[in-house]
Amino acid sequence: MAFINPRQVVKRIVAHEQPEGDGAVVRRSIGRPELRQLDPFLMLDYFTVSPPAGFPDHPHRGFETVTYMLEGAFTHQDFAGHTGTIQAGDLQWMTAGRGIVHCEMPASTGVQRGLQLWINLSSKFKMIEPNYQELESGNIPVAEKDGTTVKVIAGESLGISSPVYTRTPTMYLDVTMQPGASFAQEISEGWNSFAYTLEGRPTFGSKGTPPIEAHTTVELSHGDGVMVWNDSDKACRFVLIAGQPLNEPVFQHGPFVMNTREEIIEAIRDYKGFRNGFERAAHWQSHPLDF
């Protein structure tokens with residue numbers, strides 16, 4: 001496939017480890033000073049967690065969290081009584097909307113690894129009721145072509161579409177390429193896009209440009225698609241993510257993301273005062289897990 005305006009790498013960010021939550025370790029790329037935001041994306045973490053570490057009870061308002069497990073299992077509990085466990089390859093797409101208080105904790109011994117992406121919501125969706133979309137690995141569509149395998153988490157690739165509904169239009173692909181394979185992916189004009197390398201050394205944009213090492217985020221230029229090659233002698237794996245920018249003001253204070261400073265102050269008051277979406281937080285606490 002030939003693109004009229006192929007996307008190129010415009011920025012590389014190595015995701016270094018940093019502490020997060022309660023004893024967890026993350027490699028953060030989006031959300032750091034080098035790439036504070038990439039509209040509509042607010043944060044990307046590659047997390048590594050072993051019990052008893054994790055992400056205990058905490059609030060959110062105004063955006064979505066997308067958790068994709070790579071190894072192990074995580075259990076989610078929230079103040080509305082929703083409980084679920086996602087295993088390696090499973091997905092949870094959570095819309096925090098007007099408010100949620102939840103925890104995300106390891107559900108098994110050993111090391112748990114995964115990705116968490118924060119996607120901003122338009123002002124018209126920031127105060128909707130919380131919602132979940134959860135897909136087990138076997139229910140995530142898979143496309144294969146010429147040595148490339150794509151798990152279509154959101155959007156479309158190689159003629160295969162995901163059932164996930166994205167309020168902020170988003171494409172999210174988990175791509176594995178065998179040695180010598182190439183991959184062409186259309187991306188809507190005007191959308192912002194990036195890739196995060198998990199394994200191997202893929203090359204993005206133009207043949208012969210330097211390959212990208214593992215745990216590196218590459219921001220891509222605008223265009224109608226991107227070309228990727230695996231010129232190494234080992235398989236490579238990366239996630240390719242794109243989204244339609246909201247072009248709205250962003251005010252963020254920790255787990256609250258709104259459009260104005262006044263809305264952030266209101267969110268903090270609502271959370272501390274157990275009102276306007278946070279009423280159930282007054283008498284809720286997550287239950288410890290036994291395994």
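Reply: Over residues 172–276 the chain is 12% helix and 43% strand, with the end C-alpha atoms 32 Å apart; helices (H or I, at least four residues) and strands (E, at least two) are DSSP runs, numbered from the N terminus. UniProt, in an unreviewed entry, annotates this stretch as "domain: Pirin C-terminal"; its positions are given in the numbering used here, feature names are shortened, and annotations may be inferred rather than shown by experiment. This is a predicted model, in which local features need pLDDT of at least 70 and side-chain atom pairs count only at pLDDT 80 or more, while totals for chains, interfaces and linings use all residues. Residues are numbered from 1 along each chain as its sequence is written, and side-chain values use heavy atoms, with hydrogens and water left out.

The record also places "domain: Pirin N-terminal", again from an unreviewed entry, at residues 26–119, and over that stretch the chain is 0% helix and 62% strand, its end C-alpha atoms lying 18 Å apart. The chain as a whole has one helix and 25 strands.

An open sheet of seven strands runs in the order S2-S3-S4-S11-S6-S9-S12 with antiparallel pairing, where two strands pair if DSSP finds at least two bridges between them. Strand S2 (17–20) and strand S12 (131–135) stand at the edges with a single partner strand each, so one side of each is left without a neighbour in the sheet. Within the sheet, strand S6 (residues 63–71) pairs with strand S11 (residues 112–120) in the antiparallel sense over eight bridges, and Tyr68 stands opposite Leu115 in S11.

A search of the whole structure finds one cavity of 30 Å³ or more, a cavity being a set of points on a 1 Å grid over the protein atoms alone where a 1.4 Å probe fits but cannot get out, and lining residues having an atom within 4 Å of a point. The lining consists of Thr67, Phe74, Thr75, His76, Gly84, Ile86, Gln92 and Glu104. Strand S7 (73–78) and strand S8 (83–87) each supply at least two of the lining residues, and the largest share, three residues, comes from S7.

Notes:
1 Å grid on protein atoms, 1.4 Å probe; cavity = no way out; pocket = protein on both sides within 12 Å on 5 of 7 lines; lining within 4 Å. Points joined across faces, edges and corners; volume = space filled by probe spheres on them.
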